[in-house]
Amino acid sequence: SINYNAALAPYDNKGKVGMEELADSHHELEEKVTTLAGLLRESKCCIAIIGAGVSTAAGIADFRGPTGVWTMEKEGKDTESIDFLEAKPTLTHYALVALEKQGMLKWMVSQNVDGLCGRSGFPMDRLAELHGNVFCEKCDRCGRLYYRPFAISTVGGKPTGRFCDGTPQGRRCRGRLTDFTLDWEGELPEPQYTQSCKFSCEADLVLCLGTSLQIVPVGNFPLSVKRNGGKIVTVNLQKTKHEKKAHIAIHAKVDRVMERLLSIMGLSIDELKEVPIDDPMLESTNPPFEFEEKKKKKRVKEEIKEEETEKKRVKKEEENGEVKEEEKEEEGRDEEDAKNEKSDRINGKEETIEENEEGESERNRGTQPPEHQIKEDDVEGSEVGCEDKVRQNIDSEDDTKNVVSQNE
């Protein structure tokens, strides 16, 4: 931190330094940490903001504490601090890794440049090192980050003399590499800053660990959480800038608080180990967090999709209904045609029968007289026969008379 401070440009407005350190009683601390554990269990989107107080247990000097770099600088004195390369991740660093692994911590903003977050195994895609990292270089063309096993000597985005090897996908770039450490008034890195803004507007809980929240814009992120209806929890030996707005303000060493928190929540960090400084954990094993805005867009898309599906269904039913109507009409026409055809066949048969009967009748008239004529003829014939018989009888009687007369 001393070398980092020496590399920074001169700047007078460094905020309040050397403030009194406070300490909660054992009972107060137990009550506050237990409440914090409950908030973490209930939270759907918790973020953390960490400052130099998280790394003091590693031997790195803070800036505003009683013996901090800027406090001693103001008094014209030097402070003691180990080199960043010699530092090791603290209990708090590993506790944050454990919370992320459990899915309880969605995003972390670091104001530290010591690289200990990455070395603790915290996934880089869930971390925004908004003040930079002294072990990192950035390509000025494609934005790729390179983590080195040595500290970069410059700050403020200056060229390091090295060039980009290309994108992780293998695309050539050859852009210039620059340091990734912020100087005063420098622009915060993207897209990390925008992502942090989005999370601060989405979070329902923010843990502010080892920071007095005096440096903006990071120091104002908790206010965004508060405006969103979320809760602020601060853990710092000194009072923070937003102490009165905090739901819980804990005054104790960060490692002590996090150790007790892990115990209450039944979490362990025993299996967590330091990872190489130039080979950090790039991706989390947890799925990406879905912002409410994204959820709304997703819901709108789903609603639109459902509406389109419903419209298609209704249209299909209407089309099927029209087809069915057409089919019914066609069936009706077919039935009518069938009836007509059947009727025609019946009528044709009747006409044929009548024609046959008429023809037979005609033939009968041509070969024998009608029945009444036959009867009349029979009567007439019988009458003629009777008359002939009478005549024959009369003639017979006359002949007999003649014979008798002659005999006489």
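Where does Cys 164 lie, in terms of the strands around it? Cys 164 sits in the loop between β6 (159–163) and β7 (176–181). Hi everyone! Before I go on, please keep in mind that this is a predicted model.

Let's stay with Cys 164 for a moment. Is Cys 164 buried or exposed? Its relative accessible area is 0%, and buried means under 20%, so Cys 164 counts as buried. Setting aside neighbours within four places in sequence, Cys 164 touches Cys 139, Cys 142, Tyr 146, Cys 173, Arg 174, Gly 175 and Leu 177.

An unreviewed UniProt entry gives the feature "binding site" at Cys 139, Cys 142, Cys 164 and Cys 173. These four are spread over 35 residues of sequence, and yet they cluster in space, with a largest C-alpha distance of 8.9 Å.

Take Cys 142 next. Cys 142 is in the loop between β4 and β5 (145–147). Its relative accessibility is 34%, so Cys 142 counts as partly exposed. Beyond its neighbours within four places in sequence, Cys 142 is in contact with Cys 164, Thr 167 and Cys 173.

Now for another annotated residue. Which residue does the UniProt annotation "active site" cover? According to the unreviewed entry, that is His 131. You can find His 131 in the loop between β3 (127–129) and β4 (132–139). At 13% relative accessibility, His 131 counts as buried. Apart from neighbours within four places in sequence, its contacts are Ser 110, Gln 111, Val 113, Thr 181, Leu 182, Ile 215 and Val 218.

Since β3 has come up, let's look at the sheet it belongs to. In general, strands of a sheet pair through backbone hydrogen bonds, either parallel or antiparallel. In this model, 6 strands make an open sheet with parallel pairing, in the order β3-β2-β1-β8-β9-β10. At the edges are β3 and β10, each pairing on one side only. On average, neighbouring strands in this sheet are turned by 15° against each other, direction ignored. If you zoom in on β2 (residues 105–110), you will see that β2 pairs with β3 in the parallel sense over 3 bridges. There, Val 109 stands opposite Ala 128 in β3.

Another, α6 (residues 192–202), lies across β1, β2 and β3, running at about 130° to β2.

My last stop is helix α8. How many residues does α8 have, and what should they span? Helix α8 covers residues 254–265, which is 12 residues, and at 1.5 Å a residue they should span 16 Å.

Which residues of α8 are buried? They are Val 254, Val 257, Met 258, Leu 261, Leu 262 and Met 265. Viewed down the axis of α8, these buried residues fall within an arc of 135°, so they line one face of the helix. Here is the general idea behind that: an α-helix has 3.6 residues a turn, so residues three or four places apart point the same way.

And what do the buried residues of α8 pack against? Their partners are α2 (26–42), α4 (91–101), β8 (205–209), β9 (231–235) and β10 (248–250). Just after α8 comes Gly 266, with a positive phi of about 70°.

Conventions:
Residues numbered from 1 in each chain as written. Predicted model: local features only at pLDDT ≥ 70, side-chain atom pairs only at ≥ 80, totals over all residues. Heavy atoms only, no water. UniProt positions renumbered as here; feature names shortened; annotations may be inferred. Helix = DSSP H or I, 4+ residues; strand = E, 2+ residues; numbered from the N terminus. Buried < 20%, exposed > 50% of the residue type's maximum accessible area, 1.4 Å probe, protein only. Contact = heavy atoms within 4.5 Å. Expected span 1.5 Å × (residues − 1). Arc of directions from axis to C-beta. Pairing = 2+ DSSP bridges. Axes fitted to C-alpha atoms, helices over the stretch in contact; angles between N-to-C directions.
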